[in-house]
Amino acid sequence: MRILVTGGAGFIGGHLTEAFVAEGNDVTVLDNFEPFYDLGIKRRTVERCRAVAADSEGSYELIEGDVRDSDLVSDLVCDAEAVVHQAAQAGVRTSVDEPREVTDINLGGLVNVLESAARSETRRVILASSSSVYGKPQSLPYTEEHQTEPVSPYGVTKLAGEHYARVYNELHGLPTVCLRYFTVYGPRMRPNMAISNFVSRCYNGEPPVIYGDGSQTRDFTYVDDIVDANRSLLATDAADGGVLNVGSSDNISIRELAVAVRDQLAPELDIVYEEPRQADAEHTHASVEKAQEAIGYEPSRSIEEGVREFIDWYDENREWYEPLVRSS
Ligand code: NAD
């Protein structure tokens with residue numbers, strides 16, 4: 001299959017691309033290498049995907065460009081049978097500081113993808129949405145029917161994106177599916193997320209930092225499960241026009257998580273507590289029943305197993321987080 005992965009140099013997009021290429025698909029990545037975090041991880045991800053392509057029946061092409069460039073997006077979407085749209089400014093806090101820019105990327109880019117796909121032969125568009133659409137829990141775990149009341153501009157862009165997808169499905173018959181990812185982790189994860197941050201700080205002899213009292217809970221999803229959900233959806237129309245939660249269907253408090261990582265890696269360190277961050281969700285916890293029914297989705301790891309795996313990976317691959325040395 002010819003697949004366009006937007007944001008394919010990023011954490012999740014990189015894993016998706018690698019898996020699709022390894023399975024023999026022809027993948028084009030559109031990514032503008034936005035410097036939200038160190039670009040070394042993205043450049044290494046590209047090299048890794050190229051290496052996988054060299055050893056598989058699949059192919060890999062990187063286009064450095066912006067998803068807000070409608071002509072470019074139109075050309076790329078026309079050539080693809082499926083689009084897996086990951087490109088976004090993914091930081092909740094950035095969205096508080098720079099809401100215009102984030103809205104421009106997250107919604108402007110999305111509309112370019114949908115508009116182009118509606119006018120071509122695209123068989124399916126899978127969109128990365130987020131548990132941030134829920135915002136305030138009235139009951140947990142969240143089912144897809146739970147009220148949506150995002151507490152950050154980022155969450156608002158993701159919720160609006162879901163509505164755009166539904167409207168394009170209804171108006172143009174475009175097969176769209178939105179996946180509400182719950183906090184994703186695993187190899188190559190963004191360095192500014194809790195698990196990678198706790199692990200790298202403990203390795204460097206620095207105390208893990210918790211924002212708030214650590215009682216906030218998160219459903220952490222191993223990145224392989226996100227890949228499985230996307231892969232399944234490329235092959236079925238079972239969820240077209242709708243949204244699915246993709247989580248682990250469990251949750252853990254940030255304090256428990258920090259303590260577990262600290263106890264394993266650097267028991268001598270104290271945990272530092274700082275002011276809570278604005279617009280952070282209090283609790284997330286996914287019901288995955290709908291995804292189970294639609295695509296046979298099953299979370300593959302407990303948080304304990306997943307964190308252990310991440311630590312093992314980090315131990316052997318710390319260079320992924322080192323800045324790239326550039327020759328001038
Ligand atoms: P990421 O920042 O690692 O990946 C996003 C990629 O998009 C980056 O490589 C970036 O360079 C690219 N990008 C940003 N703006 C772009 C633009 N204007 N044009 C082209 N490319 C652009 O983030 P991620 O964690 O891999 O997230 C991927 C998707 O999943 C995002 O849509 C995010 O909102 C969503 N999501 C992530 C999580 C999570 O826990 N990581 C949770 C819920 C939803």
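**Helix packing, a buried strand pair and aromatic contacts**

Helix H7 is followed by Gly205, whose phi is positive, near 75°. Helices (H or I, at least four residues) and strands (E, at least two) are DSSP runs, numbered from the N terminus.

A word on the basis of these values. This is a predicted model, in which local features need pLDDT of at least 70 and side-chain atom pairs count only at pLDDT 80 or more, while totals for chains, interfaces and linings use all residues. Residues are numbered from 1 along each chain as its sequence is written, and side-chain values use heavy atoms, with hydrogens and water left out.

Let me stay with H7, which spans residues 194–203. Its buried residues are Ile195, Ser196, Phe198, Val199, Ser200 and Cys202; buried means under 20% relative accessible area, exposed over 50%, and partly exposed in between, with a 1.4 Å probe and protein chains only. Against what do the buried residues of H7 pack? They pack against strand S7 (184–185), strand S8 (209–211), helix H9 (254–265) and helix H11 (303–316), where contact means heavy atoms within 4.5 Å.

Two of those partners, H9 and H11, also pack together, at an angle of about 45° and with their axes 12 Å apart. From H9, Leu257, Val261, Gln264 and Leu265 make the contact, and from H11, Val307, Arg308 and Ile311. Axes are lines fitted to C-alpha atoms, for helices over the stretch in contact, and angles run from 0 to 180 degrees between N-to-C directions. H9 and H11 are therefore oblique to each other: angles under 35 degrees count as roughly parallel, over 145 as roughly antiparallel, 65 to 115 as roughly perpendicular and the rest as oblique.

How are H5 and H6 placed relative to each other? Helix H5 (residues 99–118) and helix H6 (residues 153–172) pack at about 15°, with axes 10 Å apart, and are therefore roughly parallel. Among the residues that meet are Leu107, Leu110 and Leu114 in H5, and Tyr154, Tyr164 and Tyr168 in H6.

I turn to the aromatic residues. The whole structure holds 12 aromatic pairs. In Phe310 and Tyr314, the ring centres are 6.1 Å apart and the planes at 45°, so the pair is tilted. Rings of Phe, Tyr and Trp (its six-membered ring) pair if their centres lie within 6.5 Å; planes under 30 degrees apart count as stacked, over 60 as edge-to-face and the rest as tilted. Both residues lie in H11, 4 residues apart, about one turn of the helix, and both are buried.

The charged end of Lys42 is 4.9 Å from the ring centre of Tyr37, and Arg301 lies over the face of Tyr222, at 3.9 Å from the ring centre. The criterion is NZ of Lys or CZ of Arg within 6 Å of the ring centre and within 35 degrees of the ring normal.

Finally, the strands. Ile3, in strand S1 (residues 2–6), is buried, with a relative accessible area of 1%. Thr28, in strand S2 (residues 26–31), counts as buried at 17%. Leaving aside neighbours within four places in sequence, Thr28 is in contact with residues including Ile3, Leu4 and Val5, and the contacts of Ile3 include Thr28, Phe20 and Leu234.
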